[in-house]
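Me: I would like to learn how to read a model like this one feature by feature, with the general idea before the particular case. Could we look at it together?

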Amino acid sequence: IDVSVRPRKERRLFNNEAFKEAWINACVHNKWSEELAPAVYWFDDRLEIVSYGGLPKNLTKEEFLSGKTEPVNKELMKIFLQCGIVEHSGHGVPIVVREYGEKAYTFSENMITVTIPFDEEVLASKNAEVENDVEKEVENSANATNNATNNATNNAPNATNLTSTEK
C-alpha cells in the first residue's frame, strides 16, 4: 500500500481472483486416489499451485485452457457446487490465462502447475521495505551491543585499575 499519495494506492502482490480459481481447480481436478494433496509453493518471485494427476481425461491442452471443464472428482465438485465455491462454468482457467497468459500453466503426465508471478513493482517496494527494516535492525543491534559493552566496562569493578596498569 502506497500511503504517500492520496487517496492511498493499493497494489497486490498477485491477482487474488486468479489464485483462488487456480486453487479451486487444483482441488477439484486433483487425483486424490494417489494420496497426494494439491499444494501451494511460495518462492521469492512467484507462487506455484500444483495439482496431481495431469489433464482430465478426454481434454486436450487447448480445450483445458479455453475453459472446457471435466472434473476429475465429480463428488467433490458437487460438494463445492452446493457450498457455492464453484459454478461449474469453466471460467477459472480462462481467468488465470487472461491475467497471466497460457504460459502460467505447465503440464506433465502426472501434474499441472500454475505459476503466478508476483507484481514486480510491489515486489521491489516490499524488498526495499525489508532492506530498510534489516538495516534499522542491524543498526539497533549494533547500538545495543555498544551500549551494553560500554555499560559493562564502566560498571565493572576495578575497571580503572585495569586500564591504568596496562599503560
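Me: What relative accessible area does Lys31 have, and in which class does that place the residue?

Reply: The general idea is a scale in which buried means under 20% relative accessible area, exposed means over 50%, and partly exposed lies in between, with a 1.4 Å probe and protein chains only. Lys31, with a relative accessible area of 35%, is therefore partly exposed. This is a predicted model, in which local features need pLDDT of at least 70 and side-chain atom pairs count only at pLDDT 80 or more, while totals for chains, interfaces and linings use all residues. Residues are numbered from 1 along each chain as its sequence is written, and side-chain values use heavy atoms, with hydrogens and water left out.

Me: With which residue does Lys31 form a salt bridge?

Reply: A salt bridge here is a side-chain nitrogen of Lys or Arg within 4 Å of a carboxyl oxygen of Asp or Glu. Lys31 has Glu34 as its partner, with 3.7 Å between the closest N and O atoms, and Glu34 is itself partly exposed because its relative accessible area is 47%.

Me: How many salt bridges are there by this rule, and which residues are linked in a network?

Reply: The count comes to 6 salt bridges, and the network links Asp45, Arg46 and Glu48. Between Arg46 and Glu48 the closest N and O atoms are 2.8 Å apart; Arg46 is partly exposed at 24% relative accessible area, whereas Glu48, at 18%, counts as buried. Another salt bridge joins the side chains of Glu63 and Lys68 at 3.9 Å, N to O, where Glu63 is partly exposed at 27% and Lys68 is partly exposed at 46%.

Me: Which residue in β4 is the bridge partner of Arg46, and how do the strands pair?

Reply: Helices (H or I, at least four residues) and strands (E, at least two) are DSSP runs numbered from the N terminus, and two strands pair if DSSP finds at least two bridges between them. Strand β2, residues 46-52, pairs with strand β4, residues 111-117, in the antiparallel sense over 7 bridges, and within this pairing Arg46 has Pro117 as its bridge partner. Strand β3, residues 105-107, also pairs with β4 in the antiparallel sense, over 3 bridges, and a hairpin of 3 residues joins β3 to β4. Tyr105 stands opposite Val114 in β4.

Me: Which residues touch the most other members of the largest nonpolar core?

Reply: A nonpolar core is a set of buried Ala, Val, Leu, Ile, Met, Phe, Trp, Tyr and Cys residues joined through side-chain atoms within 4.5 Å. The largest one has 22 residues, of which Phe64, Leu65, Val96, Tyr100, Tyr105, Val114 and Ile116 touch the most other members. Two or more residues come from each of α1 (16-29), β2, α2 (61-66), α4 (92-100), β3 and β4, and the largest share, 5 residues, is given by α4. A second, separate core of 6 residues includes Ile24, Met77, Phe80 and Val86.

Me: What does Val96 touch?

Reply: Contact means heavy atoms within 4.5 Å. Leaving aside residues up to four places away in sequence, Val96 touches Ala18, Ala22, Gly101, Ala104, Tyr105 and Val114.

Me: How does the span of α1 compare with what its 14 residues should give, and what covers its buried residues?

Reply: The expected span of a helix is 1.5 Å times one less than its number of residues. For α1 the expectation is 20 Å, which agrees with end C-alpha atoms that are 20 Å apart. Its buried residues include Ala18, Ala22, Ile24, Cys27 and His29, and the elements covering the buried residues of α1 include β2, α3, α4 and β4.

Me: Where is Asn73 found, and is Asn73 buried or exposed?

Reply: Asn73 lies in the loop between α2 and α3 (74-82), and a relative accessible area of 16% is why Asn73 counts as buried.

Me: How many disulfides does the structure hold?

Reply: A disulfide is scored when a pair of cysteine sulfur atoms lies within 2.5 Å, and the structure holds 0 disulfides. Cys27 counts as buried at 10% relative accessibility, whereas Cys83, at 56%, counts as exposed.
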